[in-house]
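Please read them with the coordinates open.

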Amino acid sequence: MGRTYIVEESVGQYLSNVNLQGKDFVSGLLIGQCSSQKDYVILAARTPPNEEQNENLKHPKAKLDNLDEEWATVHANQVSRMLPGGLLVLGVFIITTLEMANDFQNALRRLVFAVEKSMNKKRLWNFTEEEVSERVTLHICSSTKKIFCRTYDIHDPKSSAKPADWKYQNGLSASWLSLECTVHINIHIPLSATSVSYTLEKNTKNGLARWAKQIENGVYLINGQVKDEDCDLLEGQKKSSRGNAQATNHSFDVRVLTQLLLNSDHRSTATVQICSGSVNLKGAVKCRAYLHSNKPKVKDAVQAVKRDILNTVADRCEMLFEDLLLNEIPEKEFHILPHRVFVPVPGSTVMLCDYKFGDESAEEIRAHFIEMLDHMIQIEDLEIAEEINTACLSSSVNTEASLDGTDDEQPKQPIKTTILVKIQHNIGVVAAFAVAVLAAGISFHYFSD
């Protein structure tokens, strides 16, 4: 038996209203949440047209070749930045004319694998073995309105299509649970002199991978309590007359405790590393995650929060390097990290996000939401999370030269963002000491206020 996709009714209305505008097909992304029993789709977003491709289509070309995988993956990478913890790009959809109805299964298969591979390259975390590895492809014929829903196992490049159920439900995410957390970061990343051939972005990502282990191994307090990971998140909540926990508008406060010292099972010696500079990231990060209200587990909530912390920090760093590279921003003592902006999904407790440079207007942010998600939003709905963040760069290398390195993973249409960086040219040796401490217990400190 295949997987079941429970879909918000507004998604069905959106897909029905998509206008092909004389084209053979239109493609886009399906956004939602996985669970062990079923998956939930709360949003569909059409991939914006590629103006360069539109020019090329004036010449004869095979129709299947018109499905631009590279452009679709760029869109998926942009949209993935706008998803809080708990939400994922679950797959892709395509709407075709009647004449093209049978030609797209192989193209859809290639597309769903390409999208997942591209997004996975940028993550600081990995999927667990227990998590669902199937992604969905939805094919709709614009004339007959017939739906073909299939899934592929993204961990198996040779996997074949499996049929899946596509069922609509009204108010699907109206009572989803929200988790909020403020994390104070102070990350120091030495830039090794032996890795000067790496781009500054690659060096920084390597440093963030080490910090990510702290976040992964942290202790998470939910409403001030440590709960067993297999417990029901809503355990102890008031019951409604139907016997279900009342989850409407339910929000949880999350605090993160990270390990301060190595435990007694690990021994290490002081190490000295010759460095050409360093990157320092410092500030407060607003994190949010969302969970379905159908018997969610504590481990699902913790996992969603962890991934939002890792995603939002990594995304801001990536945006900084994109901005420095594309806009040829001169070296300054500081660059300000972007503010995180949230916007509600109509009829849902879920909020999506984006990032705002200090010089960007609310109208620009609104326009970007509309372009990426193909949904109208109002300026007054924008909620700017007040964050003061800095990324400090102390380097003896030529920063401009480091940023000029070509990286195949670099998106070609990056989002504009803001970040604060301090640049100082200095030559020296950075000593990084890791000292093993013998202690009976493990010391933790608050990573959030």
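1. Overall make-up. The protein has 8 helices and 19 strands, where helices (H or I, at least four residues) and strands (E, at least two) are DSSP runs numbered from the N terminus. This is a predicted model, in which local features need pLDDT of at least 70 and side-chain atom pairs count only at pLDDT 80 or more, while totals for chains, interfaces and linings use all residues. Residues are numbered from 1 along each chain as its sequence is written, and side-chain values use heavy atoms, with hydrogens and water left out.

2. Confidence. The mean pLDDT (the predictor's confidence in each residue, from 0 to 100) is 79 for the protein, and 73% of its residues reach 70 or more. Residues 57-62 stay under 50, and the model gives them 2 contacts beyond four places in sequence; a contact means heavy atoms within 4.5 Å. The pLDDT is also below 50 over residues 395-449, yet this stretch has 172 contacts in the model beyond near neighbours in sequence.

3. Burial and surface. Of the 449 residues, 51% count as buried. Buried means under 20% relative accessible area, exposed means over 50%, and partly exposed lies in between (1.4 Å probe, protein chains only). The protein exposes about 22200 Å², of which carbon and sulfur atoms supply 49%; the areas come from the Shrake-Rupley method with a 1.4 Å probe, and for residues only the protein chains shown count as cover. Among contacts with a separation of 6 or more, 81% are between residues 24 or more positions apart.

4. Nonpolar cores. A nonpolar core is a set of buried Ala, Val, Leu, Ile, Met, Phe, Trp, Tyr and Cys residues joined through side-chain atoms within 4.5 Å. The largest one has 63 residues, and Leu15, Trp166, Leu208, Trp211 and Ile309 touch the most other members. Helix 6 (residues 298-327) gives the largest share of this core, 13 residues. Not counting residues up to four places away in sequence, Ile309 touches Val183, Trp211, Ile215, Tyr220, Val256 and Cys287. Another core, of 47 residues, lies apart from the largest one and includes Tyr40, Ala72, Tyr152 and Leu352.

5. Helix 4. The 16 residues of helix 4 (residues 105-120) should span 22 Å at 1.5 Å a residue, and its end C-alpha atoms are 23 Å apart, which agrees; the expected span is 1.5 Å times one less than the number of residues. Its buried residues include Leu108, Leu111, Val112, Val115 and Met119. Among the elements covering the buried residues of helix 4 are helix 3 (69-81), strand 4 (88-96), strand 5 (134-141) and strand 6 (147-153).

6. Salt bridges. How many salt bridges does a search of the whole structure find? There are 14, counting a side-chain nitrogen of Lys or Arg within 4 Å of a carboxyl oxygen of Asp or Glu. In one of them, the closest N and O atoms of Glu69 and Arg110 are 3.0 Å apart. Glu69 lies in helix 3 and Arg110 in helix 4, so this pair ties together parts that are 41 residues apart in sequence. Glu69 is partly exposed, at 26% relative accessible area, and Arg110 is partly exposed at 42%.

7. A buried pair. Lys122 and Glu318 form a salt bridge (2.9 Å, N to O). Lys122 is in the loop between helix 4 and strand 5 and Glu318 is in helix 6, so the pair ties together parts that are 196 residues apart in sequence. Lys122 is buried, at 18% relative accessible area, and Glu318 is buried at 10%. A network of salt bridges links Arg81, Lys122, Glu318 and Glu322.
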